[in-house]
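These notebook entries set down what I looked up in one structure.

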Amino acid sequence: MTQRDMVNKLLAEITRTRSLRGTSLVITVFGDSISPHGGSIWLGSLIEAMAPLGINERLVRTSVYRLVQEGWLDVTRIGRRSYYNLTEAGKRQFEKADRRIYSAERPDWDGEWTLVFLATVPAEKKDELRNNLHWQGFGQLAPDLFAHPKSNEQSLDETLQEMSLFEDVIIMNAATKHVTSARAMKQLAQTRWGLDVLEQEYSRFLAVFRPILQSMEKMDSIDPAVSFQLRTLLIHEYRRILLKDTDLPAELLPSGWAGLSAQHLTANLYHILGPGAEEYLQTRLEAAEGFLPKARPSYHRRFRDDS
């Protein structure tokens, strides 16, 4: 099987049970590849990059138009060319997501929780805030109560600042006091935070990407374009599941939790595909100033212990 065949087979596996949405895949490309390389790309290059992933020119144009309307992207026209770049709001959203997606390990847990109460949040903002909290790994214990073990206070503060909700949200710290409560906490996590569904999704992810990791580990070289395509699909599928996860500590997860295996697989395959993907980005895709620049330093901390 050629490397190109591997991409086609992966696409077929992913789309066997659901369709790949053009807008969502474009967001993945911007977050994973364009953002660390200056945040801007020529539309023609984006169309070229998306075509092997099954997203044709019409879908790319529709997707970027929608993302401009939603405030993720801006467009700059120079002559007959259009260049799309992340807005400040788009950058902030990617930065918050990156803290979770590219984490090397789940942090140790000391039994502390962050609780967020939404009872006093204006009704017209509740759904948006709930979605943001889910994105950051908070679990919903009740309609107006969210909890997170060791939440990232920076991401939470940024969200409340952007939504002008600092004075409308009640935040408290809590602690799991007794070891005897561990079984009850596990039952709560299982029933209230959808661990069964997440386990199934992570298991499907592993079944699809394990053969690819095994094949890549045996190859002396990987085509740069294939590296970019495989890395994009890897992060797209991992992100799709992870942003529904609640980042529960190991103490509250079932033994043999598939999410931990998925995290390790993603990190290993990401590092294998990285050099080729970076070569593709810097020699094939263009921004207004020429080919995409080298990645910023934070890119090299992805999936590493010091990230």
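Entry 1: I began with the definition of a pocket: on a 1 Å grid over the protein atoms alone, it is an open set of points with protein on both sides within 12 Å along at least five of seven lines, whereas a cavity is a set of points where a 1.4 Å probe fits but cannot get out; lining residues have an atom within 4 Å of a point. Grid points are joined across faces, edges and corners, and a volume is the space filled by probe spheres set on the points.

I noted that this is a predicted model, in which local features need pLDDT of at least 70 and side-chain atom pairs count only at pLDDT 80 or more, while totals for chains, interfaces and linings use all residues. Residues are numbered from 1 along each chain as its sequence is written, and side-chain values use heavy atoms, with hydrogens and water left out.

**Entry 2: the second largest pocket.** I looked up its volume, which is about 650 Å³. It is lined by 21 residues, and those closest to its centre are I27, W72, W135, R239 and L243. The largest share, five residues, comes from α6. I sorted the lining by class and recorded five nonpolar, nine polar and seven charged residues. In this scheme Ala, Val, Leu, Ile, Met, Phe, Trp, Tyr, Cys and Pro count as nonpolar, Asp, Glu, Lys and Arg as charged, and the others, Gly among them, as polar.

**Entry 3: the cavity.** I found one cavity of 30 Å³ or more. The largest cavity has a volume of about 80 Å³. Its lining includes I27, W135 and R239, and the elements that give two or more residues to it are α2 (22-34), α5 (88-101) and α10 (224-242). By class, I recorded seven nonpolar, two polar and three charged residues in this lining.

**Entry 4: strand β6.** Is β6 (residues 145-149) buried or exposed? Five of its five residues are buried, so the strand is largely enclosed by the rest of the structure. Buried means under 20% relative accessible area, exposed over 50%, and partly exposed in between (1.4 Å probe, protein chains only). I checked both faces: L145, A147 and P149 lie on one side and F146 and H148 on the other.

I next looked up its partners, counting two strands as paired if DSSP finds at least two bridges between them. β4 pairs with β6 in the antiparallel sense over five bridges, and L115 stands opposite A147. Strand β5 (residues 139-142) is joined to β6 by three bridges, also antiparallel, and the two form a hairpin with two residues between them.

**Entry 5: P122.** I located P122 in the loop between β4 (112-117) and α6 (123-135). P122 is partly exposed, with a relative accessible area of 27%. Beyond its neighbours within four places in sequence, P122 is in contact (heavy atoms within 4.5 Å) with L165 and D168.

**Entry 6: a three-stranded sheet.** I read the order of this open sheet as β1-β3-β2, with antiparallel pairing. β1 (40-42) and β2 (73-78) stand at the edges with a single partner strand each, so one side of each is left without a neighbour in the sheet.

Note on methods. Helices (H or I, at least four residues) and strands (E, at least two) are DSSP runs, numbered from the N terminus.
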